[in-house]
Amino acid sequence: MARIRHDGPLIVGGGLAGLSAALEAAPAKALVVTPEPLLSACSSAWAQGGLAAALSPTDSAALHARDTEGAGAGLVEAEAARALTERGRETVEWLAGLGAPFDRDADGGFSVSLEAAHSLPRVARVGGDGAGRAILSAVVTAARASRHIEIWEDGRLRGLIQDQDGRVRGAVIERAGGRLDEVFATAVVLATGGIGGLFEVTTNPSALRGEGLALAYLAGAEVLDPEFVQFHPTAIDVGLDPAPLATEALRGEGARLTDGSGAFLLGEETEADLAPRDIVARAVHAARADGRGAFLDATGAVGEAFPHEFPAVFAACMRAGLDPRVSPIPVAAAAHYHMGGIVADDEGRTTVPGLFAIGECAATGVHGANRLASNSLLEAGAFGRRAGRAAARDVPPERRPLRPVRPATDLPPEALEALRRAMTRHAGVVRDEAGLAALIALIDDLRAAYPEAAALTAARLVAEGALNRRESRGGHFRSDYPETGAEAVHTRMRRAAEDDADEAAVLAALAAVI
């Protein structure tokens with residue numbers, strides 16, 4: 001195992017959050033590690049709707065924060081929401097300055113669209129439904145041109161290196177060919193994305209399985225609300241893994257959700273289909289479970305304008321042999337975004353010294369139980385930039401003896417498929433005690449065979465949080481506890497003291513062997 005010393009922050013993840021942090025770390029040297037070439041296998045590039053920000057004269061950061069809190073079902077931290085929304089315009093302008101080609105109105109201002117649970121149009125878009133790739137492309141170009149940024153496009157996080165005081169000092173990175181490198185850095189910034197790949201049906205890159213979340217938890221970081229998973233109600237149901245996404249902006253333009261007979265799933269009212277995502281996802285799930293089917297009908301609202309108004313959705317449909325100009329799109333609810341994650345402030349600082357978390361793997365308090373549409377790209381850019389500056393300023397104390405590291409492993413394909421099926425069935429849109437108990441039993445059986453698989457740690461955090469939350473709130477719905485509790489309470493998880501003792505015994509034995 002090679003040892004590499006990097007004089008600056010190590011950033012794990014090459015999406016919008018990670019690259020925003022890397023750009024803002026200057027003049028400190030930033031090392032970005034990602035398992036695939038930039039623009040591949042990251043959710044930022046797949047985002048369709050756009051970036052939410054108060055950009056119009058009738059809007060304000062305060063109104064945006066109010067909508068953010070309203071969507072979060074009582075668990076949004078008001079101060080965090082304000083910290084996010086007050087940076088909306090500056091984040092859009094910063095990205096535009098890097099070359100992100102946001103749609104403009106006739107006066108040259110940012111064109112904005114309406115999405116679910118927003119009180120007025122505020123979503124800055126690119127080419128209808130191409131925001132994520134277009135924005136990230138501009139950021140990637142800037143990162144590649146920055147002399148202070150080094151990029152590894154063949155590295156996977158396998159462990160966090162800590163000293164005896166618990167401070168993170170670096171990470172174990174697996175490079176091409178299976179080689180493991182110990183990379184020491186002044187700070188480690190996790191921008192590892194979400195957990196969609198733990199589910200059988202997801203709109204995320206299937207390689208995103210919560211490994212950053214798991215390894216941070218094992219390093220002692222506090223985890224917040226892992227049970228809250230947002231299921232997007234309009235994944236295109238054509239048997240692909242991952243499932244293509246039919247952006248919410250289609251419903252903002254007037255597309256309607258129907259069953260196979262053409263009946264509206266959520267009622268005849270014009271705005272019915274723009275309810276918060278958890279409500280819409282349950283309606284889609286119920287229609288499919290009942291055998292009625294679920295479809296997004298944009299033939300009237302968009303029709304012939306599809307190719308230039310929503311080119312990504314149009315292309316995905318046409319590749320599947322479906323013409324959305326004339327036929328409703330079959331849809332399913334799919335794992336889309338993880339509201340829970342590693343506890344972090346608006347500068348990305350976690351509860352573990354030397355460790356930062358940003359983007360979807362972090363829980364900063366801005367999403368609560370149900371993320372407001374298009375706040376994810378805003379958070380990635382706004383808080384990613386702040387984390388980059390904070391991590392660059394982080395000065396580690398003098399070196400201390402290190403703890404041994406047990407590198408994480410992957411599940412073999414058949415075990416991963418079993419886990420994904422069980423997660424969708426038992427920790428999906430609708431949950432209950434019996435299903436969650438069965439899921440945890442499966443996870444424990446798999447862990448006996450594959451004890452170092454990080455995906456199992458992430459899955460168990462979700463399952464335990466869902467089992468312990470005996471109410472329905474936001475993205476978490478329990479059929480055996482369908483009511484929302486009178487008090488909104490966070491789930492907070494940290495490794496138990498006995499787990500630490502067991503770990504210490506194992507590490508002591510490993511140290512003796514090493």
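## Salt bridges

The side chains of Glu 248 and Arg 251 meet in a salt bridge with an N to O distance of 3.4 Å, a salt bridge being a side-chain nitrogen of Lys or Arg within 4 Å of a carboxyl oxygen of Asp or Glu. Glu 248 is buried at 1% relative accessibility, and Arg 251 is buried at 4%, where buried means under 20% relative accessible area with a 1.4 Å probe and protein chains only. This is a predicted model, in which local features need pLDDT of at least 70 and side-chain atom pairs count only at pLDDT 80 or more, while totals for chains, interfaces and linings use all residues. Residues are numbered from 1 along each chain as its sequence is written, and side-chain values use heavy atoms, with hydrogens and water left out.

By the salt-bridge rule, the count comes to 43. One of these joins Asp 59 to Arg 122, with the closest N and O atoms 2.9 Å apart; the pair links distant parts of the chain, 63 residues apart, with Asp 59 in the loop between strand 4 and helix 3 (61–71) and Arg 122 in the loop between strand 5 and strand 6. Helices (H or I, at least four residues) and strands (E, at least two) are DSSP runs numbered from the N terminus. Asp 59 is buried at 10% relative accessible area, and Arg 122 is buried at 0%.

Glu 347 and Arg 393 also form a salt bridge, at 3.4 Å from N to O, which connects the loop between strand 17 (341–343) and strand 18 (355–357) to helix 12 (residues 375–393) across 46 residues. Both belong to a network of salt bridges that also includes Arg 167, Asp 346, Arg 349, Arg 386 and Asp 394.

## Surroundings of Arg 420

Arg 420 lies in helix 13 (residues 413–426) and is buried, with a relative accessible area of 10%. The side chain of Arg 420 reaches the backbone oxygen of Gly 197 at 3.1 Å, and a polar contact of 3.0 Å joins the side chains of Arg 420 and Asp 241; a polar contact is a pair of N or O atoms within 3.5 Å, where within protein one must be able to donate a hydrogen and the other to accept it, and residues adjacent in sequence count only if both atoms are side-chain atoms.

## Cysteines

A search of the whole structure finds 0 disulfides, a disulfide being a pair of cysteine sulfur atoms within 2.5 Å. For Cys 42, the nearest cysteine sulfur is that of Cys 361, 13 Å away.

Definitions and conventions. Buried < 20%, exposed > 50% of the residue type's maximum accessible area, 1.4 Å probe, protein only.
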